Amino acid sequence: MLDIALLPGEYAVCRMAAGSALPPALSSGLAAADVVTVSWTADGISVICPMDRAPEQAVVETAWRCLRLSGPVDVAVTGTLAALVDPLAGARVNVVAFSTFDTDYLLVPAVRLGAATAALERAGHRVLG
């Protein structure tokens, strides 16, 4: 069984053009529960952030809810992400997953949050929040 925290608020998945400057609002004044992740590739910049911090110049897909695996989770542990994604796939819930050094995160569509939490709980996990 894994403990999963439902973070407050809605999140956005954003795409910015390669070489774009990140707006300062992404890194300043974050609330304790806020999560922002940025990935750079030659094709562009992907940003996941609270909806109210989505960059104005980005292509934005909203509204997502963010689930955080209660951690920290040892990087060497295998199968943790699969244990979360598999039940969601079985329930036909879209997932955007990302990891930090300490834990894993999942974004699920806000309109499918009930189905997502039910699927995770049926798989034996506990969703808190």
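I looked up Val-13 first: its bridge partner in E4 is Ile-48. Strand E2 (residues 11-16) pairs with E4 in the antiparallel sense over six bridges; two strands pair if DSSP finds at least two bridges between them. Strands (E, at least two residues) and helices (H or I, at least four) are DSSP runs, numbered from the N terminus.

The model is a predicted one, where local features need pLDDT of at least 70 and side-chain atom pairs count only at pLDDT 80 or more, while totals for chains, interfaces and linings use all residues. Residues are numbered from 1 along each chain as its sequence is written, and side-chain values use heavy atoms, with hydrogens and water left out.

I then checked E2 against E5: they run antiparallel and are joined by four bridges. Arg-15 stands opposite Val-59 in E5.

Next I went to Arg-53, which lies in the loop between strand E4 (44-50) and strand E5 (59-69). Arg-53 has a relative accessible area of 16% and is buried (under 20%; exposed is over 50%, partly exposed in between; 1.4 Å probe, protein chains only). Beyond its neighbours within four places in sequence, I found Arg-53 in contact with Ala-25, Leu-26, Ser-28, Gly-29, Leu-30 and Asp-34 (contact: heavy atoms within 4.5 Å).

Of the 129 residues, 36% count as buried. Of the contacts with a separation of 6 or more, 72% come from residues 24 or more positions apart. I also noted the box filled by the C-alpha atoms, roughly 40 × 35 × 30 Å along the principal axes.
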